[in-house]
Amino acid sequence: MSATIPILDLTAQYAALQEEIEAAAVRVLRSGRYVLGPEVEALEAGLGAMLGLGHVVSCASGTDALSLALRALGVGPGDEILVPAFTFAAPAEAAALTGASPVFVDIDPDTFLIDPESCRAAVSDRTRAVVVVHLFGRPANVAAVREAVGPEIAIVEDCAQSFGAKTAGQATGTFGQVASFSFFPSKNLGACGDGGAVATGDPELAERLRALRNHGSRQPYHHETLGLNSRLDELQAAILRVKLPHVTEWNNKRRLLAEHYTEMLQQQEGIRAPESVEGHVWHQYTLLSPRRDALQEQLAEDGMESRVYYPIPLHQQEAYAQWASGVSLPATEQVCQQCLSLPMFPELQPALVERICASIARAHT
Ligand SMILES: Cc1ncc(COP(=O)(O)O)c(C=O)c1O
């Protein structure tokens with residue numbers, strides 16, 4: 001049966017902003033400037049103002065943003081980078097592609113976020129950086145990670161899922177040395193294609209990032225270092241500029257929907273609803289259940305989509321086997337068995353949340 005309630009519906013957001021998005025796209029198409037032009041510059045300024053960070057360097061994806069951040073920090077062969085094993089693969093992939101070794105660390109099963117104690121135990125004299133992922137939109141405690149790893153180790157914040165999230169009024173992305181963002185269409189701020197950005201308060205790091213995203217070049221045809229071709233195009237920048245002023249309102253809607261889910265699920269035996277904390281932007285609403293697979297089957301039978309983010313811990317993935325021999329991360333492994341993400345997007349109707357929760361209740365009776 002095809003899903004009547006999708007996990008994500010991007011058409012509703014497009015319909016609401018259709019005229020503005022199409023006008024922005026036509027403006028770019030007619031301008032003759034398609035890569036790294038005035039739209040990109042204006043977007044970078046707008047992102048910097050919203051985040052409260054001096055330097056935003058856009059690029060082609062959130063994965064490239066991580067690669068650029070690590071390379072700008074000087075990470076390379078012989079270094080070790082701490083990465084959580086419960087997240088999308090990009091942080092481990094970016095670390096490995098610099099020639100460094102990803103070192104997998106565990107999460108706190110109550111928050112799904114990197115566990116500072118697991119970081120403390122994993123630090124060695126080769127550790128250069130730790131990637132703190134603000135997973136599912138929940139701000140991680142960067143100060144606790146900093147305390148655990150010490151001041152010499154760089155903190156890279158992965159904000160791919162946390163655009164607009166805050167801790168005590170301060171945006172995620174502003175706590176570490178450098179932060180990466182993704183504008184993949186499904187993200188809280190999503191383009192109509194791939195896109196990303198790196199942000200930092202450090203002007204020298206920003207200068208290196210600008211060169212690295214453009215073939216290691218500050219001046220055309222002068223290459224000081226090996227870089228990437230990782231530039232944002234004007235079409236995506238113009239579309240993101242239309243969406244940027246709406247993100248706070250969208251995140252508020254996500255928060256209300258999450259509260260509605262939790263209200264309905266918290267009395268449900270066998271379900272662990274995610275905790276609501278201030279500043280959370282609910283990229284995903286992810287619960288834990290020992291009967292996760294039965295739950296997912298019931299939802300599918302009732303025409304409701306759900307997803308397992310993430311089914312296989314990164315230290316158990318084939319691609320990362322060489323860095324994971326003998327690694328055991330109990331919280332990550334258990335969460336991968338029990339986690340289930342429910343439909344979440346700002347335009348989701350509260351009545352549909354109620355139908356989803358009723359289906360979950362059926363699976364548990
Ligand atoms: C936590 C995390 N980091 C990085 C990325 C990579 O972003 P992109 O898909 O834009 O390369 C993603 C994308 O799903 C992500 O969820």
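The legends below describe close-up views of a predicted model.

**View 1. The two domains of the chain and the side of domain 1 that touches domain 2.** This is a predicted model, in which local features need pLDDT of at least 70 and side-chain atom pairs count only at pLDDT 80 or more, while totals for chains, interfaces and linings use all residues. Residues are numbered from 1 along each chain as its sequence is written. The protein chain is divided into domain 1 (10-245) and domain 2 (246-363), with bounds that come from an automatic or database domain assignment. Taken over C-alpha atoms, the centres of domain 1 and domain 2 are separated by 24 Å. In domain 1, 35 residues are in contact with 29 residues of domain 2, two residues being in contact if their C-beta atoms, placed from the backbone, lie within 7 Å. The elements that give two or more residues to this side of domain 1 are helix H1 (10-31) and strands S3 (101-105), S4 (107-108) and S8 (166-167), and S3 gives the most, with three residues. Helices (H or I, at least four residues) and strands (E, at least two) are DSSP runs, numbered from the N terminus. By class, the side of domain 1 that touches domain 2 has 18 nonpolar, nine polar and eight charged residues; here Ala, Val, Leu, Ile, Met, Phe, Trp, Tyr, Cys and Pro count as nonpolar, Asp, Glu, Lys and Arg as charged, and the others, Gly among them, as polar.

**View 2. The seven-stranded open sheet.** The strands follow the order S1-S11-S10-S7-S6-S2-S3, and their pairing is mixed; two strands pair if DSSP finds at least two bridges between them. Because strand S1 (55-59) and S3 stand at the edges, each with a single partner strand, one side of each is left without a neighbour in the sheet. On average, and with direction ignored, neighbouring strands of this sheet are turned by 25° against each other. Helix H7 (residues 203-212) lies across S1, S10 and S11, running at about 15° to S1, where axes are lines fitted to C-alpha atoms, for helices over the stretch in contact, and angles run from 0 to 180 degrees between N-to-C directions.

**View 3. Strand S10 and its two partners.** Strand S10 (residues 178-182) is largely enclosed by the rest of the structure, because five of its five residues are buried. A residue is buried if 20 or more other C-beta atoms lie within 10 Å of its own, exposed if 12 or fewer, and partly exposed in between, with C-beta atoms placed from the backbone. Val178, Ser180 and Ser182 point one way from S10, whereas Ala179 and Phe181 point the other way. S10 pairs in the parallel sense with strand S7 (residues 154-158) over three bridges, and Glu157 stands opposite Ala179. With strand S11 (residues 196-200), S10 pairs in the antiparallel sense over five bridges, and Ser180 stands opposite Val198.

**View 4. The largest nonpolar core and the surroundings of Ile81.** The core has 110 residues, and those with the most contacts inside it are Ala69, Leu70, Ile81 and Val198; a nonpolar core is a set of buried Ala, Val, Leu, Ile, Met, Phe, Trp, Tyr and Cys residues joined through C-beta atoms within 7 Å. Helix H3 (residues 62-72) gives the most to this core, with six residues, and at least three residues are drawn from each of domain 1 and domain 2. Leaving aside neighbours within four places in sequence, Ile81 is in contact with residues including Leu70, Val75, Ala95 and Val131. Strand S2 (residues 80-84) runs parallel to strand S6 (residues 127-133), joined by three bridges, and Ala129 in S6 is the bridge partner of Ile81.

**View 5. Helix H4 and its cover.** The buried residues of helix H4 (residues 90-97) are Ala90, Pro91, Ala92, Ala94 and Ala95, and what covers them includes H3, S2, S3, S6 and S7. Just after H4, Gly99 takes a positive phi of about 100°.

**View 6. Val277 and Trp282 in the loop between H9 and S14.** This loop runs between helix H9 (247-265) and strand S14 (285-288). Val277 counts as exposed because it has 11 C-beta neighbours inside 10 Å, whereas Trp282 counts as buried, with 28. Although it is not a glycine, Trp282 has a positive phi of about 50°.
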